[in-house]
Amino acid sequence: MMHKPMVNALTIDVEDYFQVSAFAPHIARSSWDSRECRVERNMARILDMLAANNTKATFFTLGWIAERYPQVVRRIVADGHELASHGYGHERVSDLAEAAFLDDITRSKAILEDLGGAPVLGYRAPSFSIGETNLWAFDCLLKAGYRYSSSIYPIRHDHYGMPDAPRHVHEVRPGLLEIPITTIRMFNRNFPSSGGGYFRLFPYALSRWMLGHVNASDGQSGIFYFHPWEIDADQPRVAGISSKTRFRHYVNIGRMEQRLTQLLQDFDWDRMDRIFLPARASAPARSASLALA
Ligand SMILES: [Zn+2]
């Protein structure tokens with residue numbers, strides 16, 4: 001008998017190339033408004049690609065982007081995808097005090113719900129910046145009305161990571177799930193296997209094997225993530241960055257779109273809320289209050 005294939009979660013962090021944390025020392029926040037924005041055209045390509053593959057995804061969207069491109073937010077919802085929050089202006093949680101973080105996630109949720117007309121239940125921290133030192137962030141997320149976070153990367157990395165965190169979905173507070181970025185466990189440590197720069201760096205066959213391994217060996221859905229700027233080979237190049245940052249940002253960008261198309265065909269995908277919040281995803285009370293607003 002055929003087994004029903006496991007469904008994985010496809011996620012996109014909606015931000016532009018100049019908002020990437022690794023560029024922060026080189027690109028002043030005050031210059032964002034004068035930069036050439038590429039996110040609108042890149043999002044159109046992504047949404048077209050998903051429509052052509054009949055695939056639904058979750059879009060963790062910056063409030064800053066939503067305010068400037070409300071039509072992008074409306075199309076995310078109109079196309080049947082899940083709208084979720086990536087905070088307002090891509091400030092790492094590790095750089096914020098508790099009150100400032102609560103303000104950031106409350107404000108971004110309200111902006112997205114206003115523009116999208118859909119409840120926002122999910123949050124992903126910029127640069128996976130929730131870890132051992134700021135677990136109070138979960139209390140804030142609960143207080144702001146979120147139902148899940150996908151903010152912990154259980155690996156060792158120079159910019160982020162919580163290597164000893166649980167590798168799969170777990171309840172971090174009553175009513176709040178953490179859905180970590182997918183890793184595979186080998187040689188007694190965790191390896192990244194779920195997108196971003198690693199997906200561009202590794203041969204596609206290795207990425208496909210790792211996701212299949214998580215599905216088959218762990219019996220768990222994988223969480224895959226990428227960014228609109230990762231399919232944009234023509235984005236303006238940022239000057240003055242280190243060779244490591246340059247490599248991580250630009251490696252194999254020209255191959256990304258074709259690899260993504262292959263990935264969409266090789267696995268089954270869906271929105272985070274439909275995979276992890278069964279029967280609760282519609283949040284009727286919140287929807288009703290939005291409908292009345
Ligand atoms: Zn981000």
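## Basis of the model

Contact here means heavy atoms within 4.5 Å. Helices (H or I, at least four residues) and strands (E, at least two) are DSSP runs, numbered from the N terminus.

The model is predicted: local features need pLDDT of at least 70, side-chain atom pairs count only at pLDDT 80 or more, and totals for chains, interfaces and linings use all residues. Residues are numbered from 1 along each chain as its sequence is written, and side-chain values use heavy atoms, with hydrogens and water left out.

## Helix 3 against helix 4

Helix 3 (residues 70-78) packs on helix 4 (residues 98-116) at about 70 degrees, and their axes are 9 Å apart. Helix 3 is therefore roughly perpendicular to helix 4. Axes are lines fitted to C-alpha atoms, for helices over the stretch in contact, and angles run from 0 to 180 degrees between N-to-C directions. Angles under 35 degrees count as roughly parallel, over 145 as roughly antiparallel, 65 to 115 as roughly perpendicular and the rest as oblique.

From helix 3, Pro70, Val73, Arg74 and Val77 meet Leu112, Leu115 and Gly116 of helix 4. By class, the residues of this contact are five nonpolar, one polar and one charged (Ala, Val, Leu, Ile, Met, Phe, Trp, Tyr, Cys and Pro count as nonpolar, Asp, Glu, Lys and Arg as charged, and the others, Gly among them, as polar).

Alanine 66 lies in helix 2 (residues 63-68). With 0% relative accessibility, alanine 66 counts as buried (under 20% relative accessible area; exposed is over 50%, partly exposed in between, with a 1.4 Å probe and protein chains only). Leaving aside neighbours within four places in sequence, alanine 66 is in contact with Thr61, Val73, Ile111, Leu112 and Leu115. Between alanine 66 and alanine 110 there are 11 Å in space, C-alpha to C-alpha, and the two are 44 residues apart in sequence.

## Helix 1 against helix 9

Helix 1 (residues 39-52) and helix 9 (residues 256-266) pack at an angle of about 30 degrees, and 11 Å separates their axes. The two are therefore roughly parallel to each other. Arg45, Met49 and Leu50 of helix 1 meet Glu257, Leu260, Thr261 and Leu264 of helix 9. The residues of that contact comprise four nonpolar, one polar and two charged.

## Nonpolar cores

A nonpolar core is a set of buried Ala, Val, Leu, Ile, Met, Phe, Trp, Tyr and Cys residues joined through side-chain atoms within 4.5 Å. The largest has 65 residues, and those with the most contacts inside it are Leu10, Met43, Phe59, Phe101, Tyr123, Ile130 and Leu141. Helix 1 gives the most to this core, with six residues. Another core, of 11 residues, lies apart from it and includes Leu121, Ile179, Ile223 and Met272.

Beyond its neighbours within four places in sequence, phenylalanine 59 is in contact with residues including Ile12, Val14, Met43, Ile46, Leu47 and Leu50.

## Loop residues

Most residues other than glycine have a negative phi. Asparagine 54 has a positive phi, near 55 degrees, and sits in the loop between helix 1 and strand 2 (58-61). Its relative accessible area is 67%, so asparagine 54 is exposed. Serine 127 also has a positive phi, near 55 degrees, in the loop between strand 4 (122-123) and helix 5 (137-143). Serine 127 counts as buried, at 17% relative accessibility.
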